[in-house]
Amino acid sequence: MEKKIKHLEFIQQAINRMASNLFLLKGWTVTLIAAMFALAAKESRDFYFVLAYFPTLMFWLLDGYFLSQERRFRALYDHVRTLDESAIDFSMDTQPFKATPPRNRWSCALFSSTLLIYYGVLVLAMSLVVLILR
């Protein structure tokens, strides 16, 4: 049982890193957007408003990637917990869980309800600010 517990701990650490990355990306997104809008207001240039959409899109893509990775590690965790002690090989390979279930794919994670709500509201708020300031 010792090997299984240690393997599950390794996988849990990877899951925690992915969750941490998701949290940090959301914070950086808001920080960069605020900086772009502050720069746009200071310089009175619309270019910065448009430029603020680029990091939003990039962070959305990264967020989707890390969410898909987290889901794959969760599937690996679920697989390892059902294995017999003798079958534990400490593999951290998530390839077998890339497409099954479908929600583990990057494209599905990218359009998950949590990311759609977060980035959708962010883009909507950015658009409203641009309309109000014009």
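In which helix is N21 found? In this predicted model, N21 lies in helix α1, which covers residues 2-43. The relative accessible area of N21 is 25%, so this residue is classed as partly exposed. N21 was also examined relative to D63. The two residues are separated by 42 residues in sequence, and their C-alpha atoms are 8.0 Å apart in space.

The packing of helix α1 against helix α5 was considered next. Two packed helices are described by the angle between their axes and the distance between the axes. For α1 and α5, the latter formed by residues 113-133, the axes come within 12 Å and cross at roughly 5°. Because angles under 35 degrees count as roughly parallel, α1 is roughly parallel to α5. On the α1 side, the contact is made by K26, T29, V30, I33 and F37. On the α5 side, the contributing residues are L115, Y118, Y119, L122, M126, V129 and V130. By class, the residues of this contact comprise 10 nonpolar, one polar and one charged.

S112 is located in the loop between α4 (106-110) and α5. With a relative accessible area of 6%, S112 is buried, since the cut-off for a buried residue is under 20%. When residues up to four places away in sequence are not counted, S112 touches L67 and R71.

Terms used. Residues are numbered from 1 along each chain as its sequence is written. This is a predicted model: local features need pLDDT of at least 70, side-chain atom pairs count only at pLDDT 80 or more; totals for chains, interfaces and linings use all residues. Side-chain values use heavy atoms; hydrogens and water are left out. Helices (H or I, at least four residues) and strands (E, at least two) are DSSP runs, numbered from the N terminus. Buried means under 20% relative accessible area, exposed over 50%, partly exposed in between (1.4 Å probe, protein chains only). Axes are lines fitted to C-alpha atoms, for helices over the stretch in contact, and angles run from 0 to 180 degrees between N-to-C directions. Angles under 35 degrees count as roughly parallel, over 145 as roughly antiparallel, 65 to 115 as roughly perpendicular and the rest as oblique. Contact means heavy atoms within 4.5 Å. Ala, Val, Leu, Ile, Met, Phe, Trp, Tyr, Cys and Pro count as nonpolar, Asp, Glu, Lys and Arg as charged, and the others, Gly among them, as polar.
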